[in-house]
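Welcome to this structure. Here are a few notes to read with the view open beside you.

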Amino acid sequence: MASPSAVNMTSNVIDDALNYAFSAGKNTQSVLIVRHGVIIAERYANFDGDQNSGLGNRDKDSLITTWSSAKSIASGIIGIVVGEGLIESIDESASRYLKQWIGTDKEVITTRDLLEMRSNLLSNNPSESDGGEIYAGGTDGDQIVYSLERKLNGIPGTTWSYSNEDSMLLGKIIEDAVGMSTHKYADIKLFSKIGFTGQWWTDVSGNVMTYCCMDTTPRSLARFGLLFARNGKWVSEQIVPEAWVRESTAPITTAYGISYGFQWWVDTASNYYSSRG
């Protein structure tokens, strides 16, 4: 930790930003500001007076749920697997790891298609317009089976649709490629190396929900952010291949006029989100 002035930042401007973040109605739990690898500002909410929140007083050890930010963490882990050569190419058929697709029309879907949410697989629920039916917070059923059994709606890579199911299958690909659970591999290759502590949610069948829901601390998330800000390098060790960091955060233009990478939102000022509230 350091003072803002130690890294050429202005304390009163930082304070203004924090005051705005924690103003009434924002429901902010925590804010960390990191510069040059050190925390120069950190503030947590006190919900003790809010009987509806059920959160109480928050601090640096309080757990928060990542929701869909976990998709970006899963993408980083895929990058490590690729860097180790356990996935030879993201442009090969995903059926190499999702063996239920061998001999089916889904053999044309690549791991890249899943990373970019361009599989062109339909939801099993026709009322869903965005290609997904499993949502963060629901742990019912075998979500791998559900995600695998969707119907192909055309040529993969030609459309884009936000899909939790595509992201869910990334965990299955990791496990088949490395021969251990996604969370165990992530802990060995990533979390333990950068001081990240967290626990991924699993569905009732024990599958890691790679599309959402890791309980961790704000400081751990700041460490993951810093890792990518430094092109995948932590101190002297290259954790995530630098080439993967660049490629995974490079935009693809989608049908909604927004930019998306490999499980990363690249353009935050999106018409897609504004149209969905």
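1. Helices (H or I, at least four residues) and strands (E, at least two) are DSSP runs, numbered from the N terminus.

2. This is a predicted model, in which local features need pLDDT of at least 70 and side-chain atom pairs count only at pLDDT 80 or more, while totals for chains, interfaces and linings use all residues. Residues are numbered from 1 along each chain as its sequence is written, and side-chain values use heavy atoms, leaving out hydrogens and water.

3. Start with helix α1 (residues 11-21), whose buried residues are I14, L18 and A21. Viewed down the axis of α1, these fall within an arc of 55 degrees (taken from the directions from the helix axis to the C-beta atoms), so they line one face of the helix. V13, D16 and Y20 are exposed on the other side of α1.

4. What do the buried residues of α1 pack against? Their partners are β1 (30-35) and β2 (38-44).

5. Next, look at T216, which sits in strand β5 (residues 214-216). T216 is buried, its relative accessible area being 0%. Neighbours within four places in sequence aside, T216 is in contact (heavy atoms within 4.5 Å) with residues including S62, L63, F196 and L221. The T216 side chain also reaches the backbone oxygen of T197 at 2.5 Å.

Terms used: Buried means under 20% relative accessible area, exposed over 50%, partly exposed in between (1.4 Å probe, protein chains only). A polar contact is a pair of N or O atoms within 3.5 Å; within protein, one must be able to donate a hydrogen and the other to accept it, and residues adjacent in sequence count only if both atoms are side-chain atoms.
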